[in-house]
Amino acid sequence: MKYADRSGNRWEKEDGQDRLLKSLYGCAAGRALMRVLTLPAVSKCSGRLLSTRLSRLAVEPTVRKSGIDLSQYEKQSFRSYNEFFTRQIRGELRPVDMDPEILVSPCDGHLSVWPISKGRRFAIKHTRYSLESLLKSRKLAERFAEGYALVFRLTVDNYHRYCYVDDGAKTSNVRIPGILHTVNPIANDMYPIYKENTREYSLLHSRHFGDILMMEVGALMVGKIVNYHGAGQVKKGQEKGRFEFGGSTIVLLVQQGKVDMDRDLIINTKYGYETEVKMGERIGKAP
């Protein structure tokens, strides 16, 4: 795995989870097992288990292994693992850049920025996607031709709440049922995960950046995508929702000519690096 930060540092890292997933997705027996584990019913059962009081026994090992500083959060003790997983960070630690000309990250995560072709297609590493397959709507896909697809991959140790990236009018949520592959890039090399996984999206008619599609993608062992609002007016930095247990992804689609993406994000993606970003920080600006 290749990572970068906003200071220009780059590094490569492979952990035990990466090696396990590479083994599972790399052989026929492993892929057969994953076909069972990716069923929504399995994730639903896991979600129920992780909401029990017994599951809180897993909190301390996770905190220790991932180096999570619980003093950054509003609570330090939890009744279940899911309550820990959806913990609320102290507001001052995720300041939102409120300059109206600045586009901000909706979440903490590892960001890649992919150009969308005139034919409404984009590629994530070795896998090509069409916006029609992602959205199940040709008409909606046409709005984002030659724009950008921003893919924010969240891992278990990330903060799993997300916010609106600008003021505007939000449409109702559209849910597309599917299965639940891991969103680790290892799985993306084998399956078109972003058109197979359960996902939910809404359109933000934003005040400063045209129409922005905000999509949440569920993943292996994610019990729920929890969005708080239906159609209505929303504010930049307002919390939009949260994921429950597991890795997950947020995808933003932006229209051609509406956002100048920060150059480091485009260059890092070109060379195969995911850039670490935090919720509320600048990732682009109005032209």
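I started with Glu 216, which counts as buried at 0% relative accessibility; buried means under 20% relative accessible area, exposed over 50% and partly exposed in between, with a 1.4 Å probe and protein chains only. Lys 240 is buried too, at 0% relative accessibility. I then checked the two side chains against each other and found a salt bridge, 2.9 Å from N to O. My criterion was a side-chain nitrogen of Lys or Arg within 4 Å of a carboxyl oxygen of Asp or Glu. Glu 216 belongs to strand β12 and Lys 240 to strand β15 (residues 239-243), so their pairing ties together parts 24 residues apart in sequence.

A note on the source: this is a predicted model, in which local features need pLDDT of at least 70 and side-chain atom pairs count only at pLDDT 80 or more, while totals for chains, interfaces and linings use all residues. Residues are numbered from 1 along each chain as its sequence is written, and side-chain values use heavy atoms, with hydrogens and water left out.

Next I went to Asp 211, whose side chain forms a salt bridge with that of Arg 143 at 2.8 Å, N to O. Asp 211 lies in strand β12 (residues 211-217) and Arg 143 in the loop between α7 (138-142) and β7 (148-154), so this pair joins parts 68 residues apart in sequence. Asp 211 is buried at 15% relative accessible area, whereas Arg 143 is partly exposed at 35%.

Then I looked up Glu 274 and found its side chain in a salt bridge with Arg 153, at 2.7 Å from N to O. This pair links strand β18 (residues 274-277), which holds Glu 274, to strand β7, which holds Arg 153, across 121 residues. Both partners are buried.

Which residues form a network of salt bridges? I listed Arg 6, Asp 262, Asp 264, Glu 281 and Arg 282. Searching the whole structure gave me 20 salt bridges.

I counted 10 helices and 19 strands, taken as DSSP runs numbered from the N terminus (helices H or I, at least four residues; strands E, at least two). Of the 287 residues, 54% count as buried. Among contacts (heavy atoms within 4.5 Å) with a separation of 6 or more, 74% come from residues 24 or more positions apart. The protein exposes about 13100 Å², with carbon and sulfur atoms supplying 52% of it; the areas come from the Shrake-Rupley method with a 1.4 Å probe, and for residues only the protein chains shown count as cover.
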